[in-house]
Every structure is written in C-alpha cells, then in structure tokens.
Amino acid sequence: MARDSKTINVAFDFLCFILVLIDYLVTKTLVYGTTDKLYPIKQGFFCEDKSIQLPFKEPWMDYAGLCALTYIVPIVLILIVESCNNWKRSGEIDEEEEESFGPITIKPWIVSTIALIFVFVFGGFLNEIITDLAKISVGRLRPNFRDVCRANLTQIDCQQGYISDGMCTGDEYNVKMARMSFPSGQSSLTMYAMLYLAFYIQSAVKTETKLIKPLLQIVVVSLALFLGLSRIAENAHFLSDVVAGFVLGAIIAWLMTFKVLKLFAIRIHKPKVYTLLPQQSTQISTED
C-alpha cells in the first residue's frame with residue numbers, strides 16, 4: 001500500500017511538472033516567438049523623458065548562453081557532488097535499502113539526485129513564467145526605447161505632453177521587446193539558479209575546511225549580481241528592474257529549497273543504534 005501511494009505521489013509530481021513545462025513553452029512561444037501575441041501593455045512617454053533615450057547596445061550574452069549557465073552548469077555540479085558523496089559512502093558497512101516505485105527499484109542517492117534536479121528545473125520554469133507575465137502586465141519602457149522605437153517625430157505633437165501612441169518605425173519585434181523592461185528576466189533567472197546552487201553547496205558539500213564553501217557561495221552569488229547589473233550597463237534595464245528580478249529569483253529559490261525540497265532536512269542522517277535491549281526513554285527524577 002505504501003509503495004502504491006509513493007508511486008501515485010510521483011505521478012502527480014510528474015503531471016505538475018509537465019503542466020508547468022507546457023505553460024513555459026506556450027508563454028515563451030507567444031511572448032518571444034511572435035510580434036502580436038501576448039503583447040505588453042503599451043505605455044506612452046514624454047518627449048523630454050531622458051531616461052528612455054539611451055542608445056541601444058547588443059547584449060553580450062544571448063538566451064542560449066543564459067540557459068547554459070543557469071540550467072546546465074548547476075545540474076552538472078549537482079551530478080558531480082552527489083556522485084562523489086555516494087562514492088565516499090560506498091565504504092560504509094550498512095547500505096541503504098533501494099526505494100521501490102511500483103515495479104522499479106532505485107538507489108536512494110539516485111532518487112535524491114533526481115529530486116534535486118527535478119525541483120530545480122521546475123522552479124526555474126516557474127520563475128521564467130512569472131517574470132514574463134509580469135513583463136507583459138507592466139509594459140515598462142526600457143532605457144533604450146526611443147532608439148529602438150525610432151519614433152516619427154514629424155507625426156508627434158510633443159506640445160501635448162504625454163504621448164500615448166509612439167508612432168514607432170523600428171523593427172516590430174524589437175519594439176515589443178523594448179516594452180518589457182520590468183522585471184529583469186536575466187536577473188531573476190541567474191539569482192534563482194545561483195542562490196539555489198549556494199543553498200545546495202551549504203547542504204551537500206562535505207569538507208573539513210572552513211572557507212571553501214563560503215568562497216564557492218560568494219562566487220556563484222556574485223556571478224548572479226554581475227550578470228544582473230550588467231543589464232544596466234547595456235541600457236536594457238533600470239536599477240529597479242534588476243533589483244525586482246533579484247528579489248523574485250531569491251524568493252523562488254528559497255521556496256524551492258526550504259519549503260518544497262526541504263534541502264537541509266533531508267541531509268540529516270540519524271545514526272543507527274544496534275542493541276539487544278529494549279530502548280527506554282530517560283526521564284529526570286523530580287523527587288526531593
């Protein structure tokens with residue numbers, strides 16, 4: 001009965017993952033694969049607004065490179081650390097029993113590794129979905145909007161103040177992207193991945209030294225900060241966009257590690273006690 005219940009729970013988890021994956025693919029296709037579907041709210045601007053008149057700069061990291069850094073690198077590191085930890089435990093006398101999922105039996109360390117990666121990717125997809133929906137809901141103009149929009153100033157009456165119709169003559173796809181400044185997607189995704197990795201390092205990496213783990217954690221979190229802040233230098237985001245992305249990514253990383261995965265709880269192994277005598281609880285006498 002317990003095995004059947006475990007199999008059902010795994011099936012429900014897999015179904016939730018598939019639903020989020022489908023939502024992720026649909027959102028990415030409609031937002032970034034078309035020029036008219038899931039279009040962000042069209043915010044207007046003032047002609048004298050200098051904050052959106054910065055020049056356009058090509059980003060030094062494309063989405064493929066971002067995914068390689070935020071998904072592939074942490075997954076590879078998790079596989080390496082879990083394999084090394086299992087190799088170190090292989091010399092122990094008592095081996096943990098294999099876990100059964102219906103007709104399939106899997107070693108516990110493999111189950112743990114799959115759970116770590118499964119939840120990590122699940123949280124990453126959720127993070128990107130929330131970020132993209134926030135972008136199209138807010139429709140904040142990027143700092144380089146005017147350069148990308150290439151508004152036809154001959155058709156704009158700047159004397160009327162707020163311009164609700166930009167009269168953009170630039171590439172339609174680029175104009176759509178220029179209306180999706182808040183929050184920063186690169187900041188939220190990198191902070192999520194690197195903070196998840198920092199929590200994992202604290203939980204899984206076993207070392208006798210005191211400085212290796214904090215050094216690795218500082219490196220990965222600093223990498224997330226650098227990649228997020230670089231978007232300001234590229235005139236693609238405002239500081240508030242980047243900070244909002246950092247906060248969103250940090251919240252989802254915290255939820256995935258502490259609330260969903262309970263990362264630190266599963267690492268506490270109670271030592272087995274072998275005895276022929278019955279175990280009795282020790283009570284402190286309160287008699288005078």
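How are H7 and H8 oriented to each other, roughly parallel or roughly antiparallel? The tour returns to this after an overview. The structure is a predicted model, in which local features need pLDDT of at least 70, side-chain atom pairs count only at pLDDT 80 or more, and totals for chains, interfaces and linings use all residues. Residues are numbered from 1 along each chain as its sequence is written, and side-chain values use heavy atoms, with hydrogens and water left out.

**The whole chain**

Display the protein as a cartoon. Eight helices and four strands make up its secondary structure; helices (H or I, at least four residues) and strands (E, at least two) are DSSP runs, numbered from the N terminus. Read from the N terminus, the order is α-β-α-β-β-α-α-β-α-α-α-α. Of the 288 residues, 39% are buried, meaning under 20% relative accessible area, while exposed means over 50% and partly exposed lies in between (1.4 Å probe, protein chains only).

**Annotated spans**

Select residues 7-26, which an unreviewed UniProt entry annotates as "transmembrane region", together with spans including 63-81; such annotations may be inferred rather than shown by experiment. Residues 7-26 are 100% helix, with end C-alpha atoms 29 Å apart. Residues 63-81 are also 100% helix, and their end C-alpha atoms lie 27 Å apart.

Next, select Leu-30, located in helix H1 (residues 2-32). Leu-30 has a relative accessible area of 30% and is therefore partly exposed. Beyond residues up to four places away in sequence, Leu-30 touches Lys-37, Leu-38 and Lys-176, where contact means heavy atoms within 4.5 Å. Move on to Thr-34, in the loop between H1 and strand E1 (45-46). Apart from neighbours within four places in sequence, Thr-34 contacts Thr-29, Tyr-173 and Lys-176. Thr-34 and Lys-176 are 142 residues apart in sequence, yet their C-alpha atoms are 9.4 Å apart in space.

**Helices H7 and H8**

Finally, select H7 (residues 212-233) and H8 (residues 239-260), whose axes come within 8 Å and cross at roughly 155 degrees. Axes are lines fitted to C-alpha atoms, for helices over the stretch in contact, and angles run from 0 to 180 degrees between N-to-C directions. H7 and H8 are therefore roughly antiparallel to each other, the term for angles over 145 degrees, whereas those under 35 count as roughly parallel, 65 to 115 as roughly perpendicular and the rest as oblique. Show the side chains where they meet: Ala-224, Leu-225, Gly-228, Leu-229 and Ile-232 in H7 face Leu-239, Val-242 and Phe-246 in H8.
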